[in-house]
Amino acid sequence: MHSNTDVLILGGGVAGLSAARELERRGIANLVLEARDRLGGRIHTLRDAAWPHPIELGAEFLHGLPRKLKLPHRFSLRPRDADGEHWVVDARGLRQADGAAEDAMNLLGEMTGPDTTADAWLDKHTKGPQRRLARQFVSGFYAADPKSVSTRFLVEESEASEEVHGERMFRPTRGYDTLVQHLARDVKAHLSTQITRVTWKRGRVDVDATDALGHARSYRAKKLVIALPLGVLKTNSVRFSPVVDGLQLARKHLEVGPIVKLVLRFREPFWAKHRAKDFTMLHFTNGPQQAWWRCRPFDSPVLVGWSAGPQAKKQPSVDGALHAFERAFRVKNLSRLLDAALVVDWSADPFARGGYMVQPVGLPSPLQQLFAPVDDTLFFAGEHTSFEGHAGTVHGAVWSGQRAAREVCDCG
Ligand SMILES: Cc1cc2nc3c(=O)[nH]c(=O)nc-3n(C[C@H](O)[C@H](O)[C@H](O)COP(=O)(O)OP(=O)(O)OC[C@H]3O[C@@H](n4cnc5c(N)ncnc54)[C@H](O)[C@@H]3O)c2cc1C
């Protein structure tokens, strides 16, 4: 049975929802198709009485000044400053290093010159601890492999981040899913609808899907916004007939950085009597997780661990994390204080297949070309289509959805 509308939107993350809202605002009928039984995609907030506050299993921070990010309904998110003391854990032990992350971020902005890999650039221009920290930052923050990630990409991302004051980070204290709820208001969406095939020609699109019970569903529209994650597009689990050239190139040349989050709830803060007791962020130059942070501004005994890039390919271990803390804080037997642990591996998620987009060196065409509208019929959205250097962020995904909706309208 065919369900008909003007525009179909594949994927109910913030990119797809932003496209839907913008189309709705312009009076264009549309329908969002989403594989999961919830909207929001890589925004996934856990609300559970056992936890002292909302826990973000996916996106966690607003990277930049909220007014610059222009997220819809940003006031209802109650963004609050989430930064504080930074400490580094290295072979010399635990030491305060405020500004370490900022220094590494600034260094990325200096990676100008011919496009090369981050490793090649760092080998030439840095040494010792600075190089190690910068490599950790490239893999940790950008989920990128320093051996292959493009310096041009890192410079673009770092310049774009500077424009919004990305060195500042804010926590949506009411939970990031508040944004999803606002975006989803009045949006028409079919949940538990997994897209398997798109057949298209100018002015007509047929989409095949299966519902939660495995029943086939068909949809037809004049135009299609593809807001599926790059990781899913790369697996080829959604077939396009005929193939879309830009998408083929993107699948081949763009990468998705793996990310694993480890969330630990302790019975009490084991750090309370240590000289580092006021830390917000711990950067490990060598450890299973590149960084651990407290959920500021909340003062809770919850720590969030982050492995990204090549390090996230290793199996995460709660014991390994506890041992790293025991060594750094010179405490014993931390497992007795551990109350709960969550491991979230985004590469294992069939509807994400990774953390976010990374550009390796040698991309044959700019993103604008790869994800340009096709035959006034296919349009692209999603964090990986952020042309302004805001890939891998919530605001980049929101803006991409709004752009795709404008493109739909502009082509008449
Ligand atoms: C662990 C982690 C931490 C992050 N931290 C931050 C942060 O602190 N700050 C920040 O700004 N950004 C952060 N990000 C990035 C941010 O989450 C993303 O950039 C943004 O949420 C992507 O939105 P999107 O709509 O492009 O994709 P998604 O949210 O992935 O939406 C795509 C949708 O498509 C659906 N889908 C997939 N396959 C199918 C199919 N076959 N059929 C139908 N639907 C399908 C998915 O279920 C999903 O809902 C983080 C990401 C991760 C993974």
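**Ground rules**

I number residues from 1 along each chain as its sequence is written, and I leave out hydrogens and water, so that side-chain values use heavy atoms. Because the model is predicted, I need pLDDT of at least 70 for local features and 80 or more for side-chain atom pairs, while totals for chains, interfaces and linings use all residues.

**Entry 1: the whole chain**

I began with the secondary structure and found twelve helices and 22 strands. These are DSSP runs numbered from the N terminus, with helices being H or I of at least four residues and strands being E of at least two. The radius of gyration is 21 Å, close to the 22 Å of the globule rule for 412 residues, so the chain is as compact as a globular protein of that length. (The radius is taken over C-alpha atoms, and the rule is 2.2 Å times the number of residues to the power 0.38.) Along the principal axes, the C-alpha atoms fill a box of roughly 65 × 50 × 35 Å.

Next I looked at burial. Of the 412 residues, 56% are buried. (Buried is under 20% relative accessible area, exposed is over 50%, and partly exposed is in between, with a 1.4 Å probe and protein chains only.) The accessible surface comes to about 17800 Å², with 49% of it belonging to carbon and sulfur atoms. (Such areas come from the Shrake-Rupley method with a 1.4 Å probe; for residues, only the protein chains shown count as cover.) I also checked contacts, meaning heavy atoms within 4.5 Å. Among those between residues at least 6 apart in sequence, 71% join residues at least 24 apart.

**Entry 2: the ligand**

Which residues come nearest to the ligand? Of the 37 around it, they are E34, R36, R42, F61 and V394. (A residue is near if one of its heavy atoms lies within 4 Å.) The shell divides into 19 nonpolar, 13 polar and five charged residues. (Ala, Val, Leu, Ile, Met, Phe, Trp, Tyr, Cys and Pro count as nonpolar, Asp, Glu, Lys and Arg as charged, and the others, Gly among them, as polar.) Helix α1 (14-25), strand β11 (194-201) and helix α12 (394-410) each supply at least two shell residues.

I then listed polar pairs. The side chain of R42 has an N or O atom 2.7 Å from a ligand oxygen, and the side chain of R36 has one 2.8 Å from a ligand oxygen. A polar backbone atom of G392 is 3.5 Å from a ligand nitrogen. The protein covers 99% of the 1000 Å² of accessible area that the ligand has on its own.

S150 sits in the loop between α5 (128-142) and α6 (151-163). Is S150 buried or exposed? It is buried, because its relative accessible area is 2%. Its side chain makes a 3.0 Å polar contact with that of D115. (A polar contact is a pair of N or O atoms within 3.5 Å; within protein, one must be able to donate a hydrogen and the other to accept it, and residues adjacent in sequence count only if both atoms are side-chain atoms.) Beyond four places in sequence, S150 also touches T116, Q359, P360 and V361.

T377 lies in the loop between α11 and β22 (378-380) and counts as buried, because its relative accessibility is 0%. A polar atom of its side chain is 2.9 Å from the backbone nitrogen of G203. A404, in helix α12, is also buried at 0%. Leaving aside neighbours within four places, A404 is in contact with V225, F379, F380 and A381.

Most residues other than glycine have a negative phi, and most peptide bonds are trans. I found a cis bond joining S241 and P242, with omega about 0°, and another from R296 to P297, with omega near 5°. P297 is in the loop between β18 and β19. H73 has a positive phi of about 60° and is partly exposed at 33%. N333 has a positive phi of about 50° and is partly exposed at 46%.
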